[in-house]
Structure formats: structure tokens, C-alpha cells
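Subject: A structure for you to look at

Hello,

Here is the structure I promised to pass on. Have a look at it first, and then read my notes below.

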Amino acid sequence: MSSLPASLIPMKTVIVDIKNETQNVRTYYIKLPDGVEIPKPGQFDMIYIHGVGEVPISVSDIDCEARVVAHTVRFVGSVTKAFSILEKDSLIGFRGPYGIGWPIDLAIGKNLILIAGGIGLPPLRPVIREVARNRAMYKKLFILYGAKTPDDLIYRYEYRDYESIPDTELYITVDNPNNDWKGRVGVVTDLISLINIDPSETLVFICGPEIMMKFAVKELLKRGFKGNKIFLSLERRMKCGVGLCGHCQMGPYFVCRHGPVFPLWFISRYFWVDQI
Amino acid sequence: MSISGLYVGKVKELPILFSELKNLGYKVIGYKVIDNVLRLDSIDSFEELAFDVEDIQSPGRYILSQGGFPRHGPDSPKKFLYPSKLVLFEILSDWNVVVPPSPDSKIALFGIKPCDLSAIKVLDKVLLNVDEYYTALRKNLVVVVENCIEPGGTCFCSTMGTGPRARDSFDIAYTRLCDKLAIEAGSSFGLKLLNLLEVEPIDDATYREFEATMNRSAEKARALFTIDNIPETLELNIESQIYKDITEKCLGCANCNMVCPTCFCFDVIDIPKIDGSAERIRVWDGCLSYTYAQVAGGHFRRDLWARYRHFVLHKFVYWIKQFGTYGCVGCGRCITWCPTGIDLRESIVKIIRGGKK
């Protein structure tokens, strides 16, 4: 079997559990194949569905001991829609982990703001887990999360756990409320104004639609956050995961290999350019 | 680099090189005329090679005429080293993976031009020891390059520093000077080939003729810009509105990507079989096509001008940052084979002038 990076050969593995998140989002817990390194928060895996295709999915939970990794999938494209027919014990193909994840080490001894929009929360969840596990290593934690409607909020069953992490503030907002919604209404960037913190002692991790990230970054820069303190997880079309198929280019960067997590300063020449 | 220095020989002895490569078991690939177009294809006998035919090229236009000097057609060595469609592997219904064996054929490219040799050097930086298929063929590849004595209407290899004379990375480089041949070897294998011919170290008169021919050729293959400041200028004008003007006549067909000798982007598709197995197939993809930067939830380059800008910036800016070389070799194929004749040379001039005519 070829060992060169372009071989793109998936390893067979099994789905050990599935959790419904919303009407069109589920989390798939899969067994890491032998020999595969444990993914780090912010990395992604290429998940293959037999005869259908392969998609890049961020790691949304990591159980090192059981070697089980979660992938939260929204059913929007031809491959992700095929996920909906998978069941516990279904076989899937796995390649990974790929990319550069969140710089959690840099957050040690600092405050941490996580800003998530929609399906941007899953890549940040392992960061929340890490802070909860090693709480003393970090200062304050802020979680800002926005979804389109209350029905689109994922991981609802664990918000209380987030709030019970000491020194943690969780703010949730939706764009379009329904009659039962008692929480905040508005875009996630509005939540930034609720935070009063020293920007020089704080890191910000952002993941969500590109337009939301641009607004969030503008707001943060206005509040004195610098480009080396703001980290973004970018999305692009990806077919290979190893910087070869070309689709994920953002300027000169292969998002799959040089990212998906970038410090803002690193990409600032290109980030603001329309349709780069 | 030439290891032999220049020799002078006879054009009529070229078939000796061809036969020797055949005898050594090489699959010889060169340009031949198929349906009135020069196509790169497997060549069985020397007579099949296009020799006294000229491809007349201009933006959006390609015709062949008898007599003259053949350059190239829509194919490039990429067609063989990095095929447009390749089965990566087959996944059986029991999830066992069957990988096709690496290609074991030995390929000799005969009579390709220096622009295409340069394109192989560019692809080396992207694919060598990265892609198994490419690497297997590349390690056995023999290149007999023909220096370009008559660049075409869309050529700008001089500007890109990729021609019209091959400087290195060849086994044999030859130049046709009427019946005479200026010839040199660039490898020990090339040296063995050279030794089969009746050649003598080049004399002063022939050398002057060779030099004059190359200089005249180089003058013909220049664009209206020098390359040195192009990457920086393009990057500084990344938000230029000129891209919108240029792409008013772009169809988004991605012909430019398909004929480009260095474009390497690919898509991977699944072909499910009735027995429950599936093939994963790698196919060329191009940044000008609509779906290239499209994802299920959105689109990163919906507009044509943004896709064309990516093509230009990738070739002249990003490629340098990614692979340490330009992604363009100035072969002019993207200009010739553009159905609406969009001229990359003209685009660059427009962008660096910032719209000032």
C-alpha cells in the first residue's frame, strides 16, 4: 500500500454511537483505527461513506482512553445527507487527523473567548472540555454561541455543564426566535459587547460562517484585540486534506494543511478580500 | 545543465536516437497530427512524429499548416505523468482496498519543447515524492527536448525564463539548424545516446548560427512585461477591478486549466459498482469551473472574476509561496485554447497598469 500523502486511502472503522442533536444534525462517535494518532482540538478527519464520497469533518469530542472521536455532521450536501442512513455499528472510512488545531497551549494562564456560529460550535467543544478538565490552568472562559433558530441549537443537553465550569460565562443567542424562546435574540457578534476583559490577557477562538467571523473580528479589533490573539477556523471545499487537490486555497494557503486554524495576523492580507 | 557541451550533428540522424529508445523498451511519446491538431501520443515509428508542420496559434485560434516548425497542441506531458482520470483505488464490499500497481512503463518524451520541460520541473515541486503515480513515471522519464527556433503567437517563455532554449533537466537537447543539429547531453544516459551519433564538437560558425537562432527566437517569445516585479504588483493590486472587465467575455469553461501544463488540482469521485464495490477516481478539476470552490452550504468564489483572479494569482503569486517557483511557464496554451481568446499576457499588463490605457 502506498505511503505517499496523495494515496488518500481510508481505513475502515466503526460507528460506536450516534446522538441526535437537531432535526438535521447528528453526532457520530467513531472508533479510531489502530495506529492513528489521537486528534487534537481543532483538527479534522476525512470521513468516507462507501460508494458515496468523502467529507472533512471537525473533531467535536475526544475520548483518549477509549480511542473514540466524535464528528458532528449537518446534513446539507450529497455526502453529509448520506450520513443520515448510517447506524450504530455501520462501517465508515477514516483518514486523519489533518490540519493545525487550536493553539490551546497559548491560552494557558490567559482568558479565553470562544465564539461559535451555527455548526461552528463542534470544533470548539473539545476546547471547552479541555478547560473544564484542567480548569486551574486557564483564567476566565467565555462561550458565545449563536444559531439561526432555537431548534438549531446543538448540544443543548450540556449547556448546564458549561455553565457549571467555574469562572465561565455562557451566552447564547438566536437570529429568529420562536414563541417559546426566552433567551437573547440577535447575531452572535452582539454578544461580544457583554464581555469586559483585558484584551492583552485574552485569546479568542472563532468558528462559524465566514461572514460572521468577519463581523466578529471587526468588533474584536475595535475593542483592542490584536491579530496575534484572534484565531479563526476556516472552512473551504476539501477533497484531499493534504494540500494537494487545490480546492481549499485561501490566497496562498491550503486551509487543510496550513490551517484550518489560523491566527488572524497570518491571513489578514487575504482574509478581508472579497471572494479570495 | 549540459554535461557534454554542444556538438554538431545531422538532423537525419535523429531517428537513431528514436530507435535506440524503442530498443531499450521505452514508450516513446511525441507530437503527431491527429484531426488537424498536434497531439501528444505514443509514437511507433519516427515518421509519425510531426516534423514539417506548423501550428499557427493566436488568442482563441489554432490551425495547422504544412511546412514550418511544430511547437505544441492542447496536450502537455501532464497528460501522461498526471492523467486526467486515474483510479486511485477500489474499495470492495468487505472494505478491503485494492490499489492499482504503480505504472512500470518507461516513458521517453521525444521532441517536446523547453516550455514543457519547464512544466515538468514545476510539477516536480508539487508532485515528486508526493504522488505515487507521478513519482514512478518521473523516476524513469527520459526527455529529448527540441529547442524552440520559432515561437508561436501566444508564446512568452522568454519572459518566464523557461525557454526557448532548455538549460537543464534534459537527457538530450537538440536544435534544428536546417540540416544540421546542435545537440548536447544533460545526463549520463543522454551521453550514451549522444555517442551513437556522428557528432563533432561544435565549430565557431555553427555556434554563432545556433546563438543567433536562439536569440532571435527569444525575442519572439516575450510578453510586454518583465516578470521580476509582477508577483508583488499583482499582490498589491489584489482588489483590482480590472478582473471584472477582463472576465466579461470569460465563459467559465476551465479550458485554461485543462490545457495548462502545470495545473494540478483534482476532484475525487466515486463510481459504485453493482457488486457492492466502489472505485475512487481522481479527475482533473480547474479553478475556473463553477463548482471548484463551492460547498454544500455556500460558495467561496461565486463570481467568474474571482475565479479568474485566483487562476492568475495562483500562477504568479501563490505558487511561489507554496512551491518556490512560478506556476506559469509561458507556453501560451491558456491563451490559444480560450474559446473567447482571453490573453493572459494582456490581462497582466492591464492589471499592472491599473486600468490606465
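Let me start with one pair of residues: Ile47(A) has Val55(A), in strand 4 of chain A, as its bridge partner. Strands here are DSSP runs of E with at least two residues, helices are runs of H or I with at least four residues, and both are numbered from the N terminus.

Before going further, please note that this is a predicted model, in which local features need pLDDT of at least 70 and side-chain atom pairs count only at pLDDT 80 or more, while totals for chains, interfaces and linings use all residues. Residues are numbered from 1 along each chain as its sequence is written, and chains are lettered from A and ligands numbered from 1 in the order in which they are written.

Around Ile47(A)

Strand 3 (residues 44-49) of chain A pairs with strand 4 (residues 53-58) of chain A in the antiparallel sense, over 6 bridges; pairing requires at least two DSSP bridges between two strands. Their hairpin has 3 residues between the strands, and Gly51(A) there takes a positive phi near 75 degrees. Strand 3 of chain A is also joined by 4 bridges to strand 7 (residues 91-98) of chain A, again antiparallel, and in strand 7 of chain A it is Phe94(A) that stands opposite Ile47(A).

Is strand 3 of chain A mostly covered or mostly open? It is mostly covered, with 6 of its 6 residues buried (20 or more other C-beta atoms within 10 Å of the residue's own; exposed means 12 or fewer, partly exposed in between, with C-beta atoms placed from the backbone). Phe44(A), Met46(A) and Tyr48(A) point one way, and Asp45(A), Ile47(A) and Ile49(A) the other.

The core

The largest nonpolar core has 181 residues; such a core is a set of buried Ala, Val, Leu, Ile, Met, Phe, Trp, Tyr and Cys residues joined through C-beta atoms within 7 Å. Helix 11 (residues 304-323) of chain B gives the largest share, 9 residues. Among the residues with the most contacts inside this core are Leu114(A), Phe231(A) and Ile172(B). Leaving aside residues up to four places away in sequence, Leu114(A) touches several others, including Leu124(A), Phe142(A) and Phe205(A) (contact means C-beta atoms, placed from the backbone, within 7 Å).

Chain B

Chain B has 13 helices and 16 strands. Its C-alpha trace spans about 65 × 65 × 35 Å along the principal axes, and 45% of its 357 residues count as buried.

In chain B, 8 strands form an open sheet with mixed pairing, in the order 3-2-8-9-10-11-1-12. Strand 3 (37-42) and strand 12 (200-201) of chain B are at the edges with a single partner strand each, so one side of each has no neighbour in the sheet. Strand 10 (residues 172-177) and strand 11 (residues 180-185) of chain B run antiparallel and are joined by 6 bridges, with Tyr174(B) opposite Ile183(B).

Asp104(B) counts as exposed because it has 8 C-beta neighbours inside 10 Å.

Where the chains meet

Best wishes

Key
Two residues are in contact if their C-beta atoms, placed from the backbone, lie within 7 Å.
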